[in-house]
2 protein chains.
Amino acid sequence: MEHISIGDDIDGYDPAAYDRPSVTVDLVLLASIERQLHALLLRRDQSPQAGCWALPGGFVAIDESLDAAAARVLRDKVGMERAHLEQLYTFGAIDRDPRMRIVTVAYLALLRPEQMARAERAGRVTAATLVGDPLRACNGEGTDLSLAFDHRAILSVARERLRGKIDYSDLAFAFLPERFTLRALQDVHEAVLGTTLNKPAFRRKMLDRGQLVATGDREADASHRPAELFRVRDAAV
Amino acid sequence: MEHISIGDDIDGYDPAAYDRPSVTVDLVLLASIERQLHALLLRRDQSPQAGCWALPGGFVAIDESLDAAAARVLRDKVGMERAHLEQLYTFGAIDRDPRMRIVTVAYLALLRPEQMARAERAGRVTAATLVGDPLRACNGEGTDLSLAFDHRAILSVARERLRGKIDYSDLAFAFLPERFTLRALQDVHEAVLGTTLNKPAFRRKMLDRGQLVATGDREADASHRPAELFRVRDAAV
DNA sequence: TTTACTTATGCGCGCGTCGCATCTATGTCA
DNA sequence: TGACATAGATGCGACGCGCGCATAAGTAAA
């Protein structure tokens, strides 16, 4: 084993000479349901942090890109084929995992309500509601869930990222089916921002943006006047 | 060596059992000089990509956080003690480095002009101008520099990040000395955005924000009416 | 069929922001 | 002392956006 300082240049560096961090990806899977943000979590049954809730994650293989690893975890651990995936932030504190040194690249995955419901029915993950500031994760009964490792911080960063991007990007549409009402779009914005918005102003802003196309059809199930269904102009999402 | 699939849970995983990516940090060191963005680059003298220009970087040690690694590279490779450091994005394509599989966490470091000049005088790094869209790196004579690996993509992401954040964060002040004129602040914004801005509107917006404090002093060297010097209210930056 | 209720949709007012043009102030330099 | 360059202030107009209100369009109950 050569003696090359870790501070030396990459050129001439022997990758086997030094211990290196492991690299994982963790997925923050979010959906907007009933004007609230929900995240999919796994209940840990092993030590450490048994009984705590964790984000789905997995190691990055040597022959696999970060994006590919995120897609694989989405497929294998959540049972989902496609979703709006976007890199969020990389967490690399020394003691963030007590078992070994792990650097994790967090990804954000935005789901439609039926995707989240289907993943939950598959039984490997459970949806939790994200509320409050600072962020808490609650189950259906409203009791707080304790989160494993630094996953509460990861969820907080995810929510902050959403809040910062929602009103100038088209990421809100990733939470919605292909055809949706303006009310549903506003619900997504309110769930992400945690506030209420002015309806006529929201309506105008969205329509003036030129990104929405009216389909002429209307929602079917409503017990009131049915709203018009829109879709996104480009094949965004 | 046990046979645990890379897709298995982290629990019960032997970190020595599989090849893992190496983790590095790369630093995008930027300054705003004469209404243009400049970046500090290292000229590679070894294969691969000898003669190309690269970002300063280094491996992340096993007992070192990502932020600490970035600070260490800043100190050891650039000779700089303190700077506004902020994580940018993590690049993990399989073939981004031909020597080995490397996942790199890119950091953004914002420098004041005299910091960049001092680092350049130290002789290890050279400043290049970032111009155009898509981004190009030019030397003093205006000829393009060829960048190593995926470092052009990293620089592009850095510039995009700056453009997205400059008008709602206080990152512009990291480019400026403690006391500065409104004209200098506007120059920073124009360098980052690559556009020209309206002077009275910019002035009003900045002053109305309540973040600036007038010092009462004025710049000294001007061959015209000297502008007032301001500073940031909080010890931001 | 009528009536009450709920929600969608459209219209108009007012405020604050921002771009633009213009004017004044204050320094240097010939 | 006057030309010149830039700082700094002010006023006008367009536009975005919050907000209230009127109206339309459905359902459900009487």
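In this predicted model, chain A is superposed on chain B by a rotation of 180 degrees with 0.1 Å of shift along its axis, at an RMSD of 0.1 Å. This is the relation of a two-fold axis. Of the interface residues of chain A, 100% are also interface residues in chain B, so the copies meet through the same surface.

**Domains of chain A**
- The domain assignment divides chain A into domain 1, residues 22-165, and domain 2, residues 171-232.
- The centres of domain 1 and domain 2 of chain A, taken over C-alpha atoms, are separated by 27 Å.
- Contact between the domains of chain A involves 11 residues of domain 1 and 11 residues of domain 2.
- On the side of domain 1 that touches domain 2, two or more residues each come from β1 (22-33), β2 (36-43) and α3 (151-165) of chain A.
- The element that gives the most to this side of domain 1 is α3(A), with 3 residues.
- By class, this side of domain 1 of chain A has 4 nonpolar, 3 polar and 4 charged residues.

**Surroundings of DNA strand C**
- DNA strand C is surrounded by 17 residues, and the closest are R183(A), A227(A), E228(A), A201(B) and R225(B).
- At least two residues of the surface near DNA strand C are supplied by each of α4 (182-193) of chain A, α5 (199-208) of chain A and α5 (199-208) of chain B.
- With 3 residues, α5(B) gives the most to this surface.
- The surface near DNA strand C has 6 nonpolar, 5 polar and 6 charged residues.

Methods. Residues are numbered from 1 along each chain as its sequence is written. Chains are lettered from A and ligands numbered from 1 in the order in which they are written. This is a predicted model: local features need pLDDT of at least 70, side-chain atom pairs count only at pLDDT 80 or more; totals for chains, interfaces and linings use all residues. Domain bounds come from an automatic or database domain assignment. Two residues are in contact if their C-beta atoms, placed from the backbone, lie within 7 Å. Helices (H or I, at least four residues) and strands (E, at least two) are DSSP runs, numbered from the N terminus. Ala, Val, Leu, Ile, Met, Phe, Trp, Tyr, Cys and Pro count as nonpolar, Asp, Glu, Lys and Arg as charged, and the others, Gly among them, as polar. Copies are superposed by least squares on the C-alpha atoms of residues with pLDDT of at least 70 in both. A residue is near a molecule or strand if its C-beta atom, placed from the backbone, lies within 6 Å of it.
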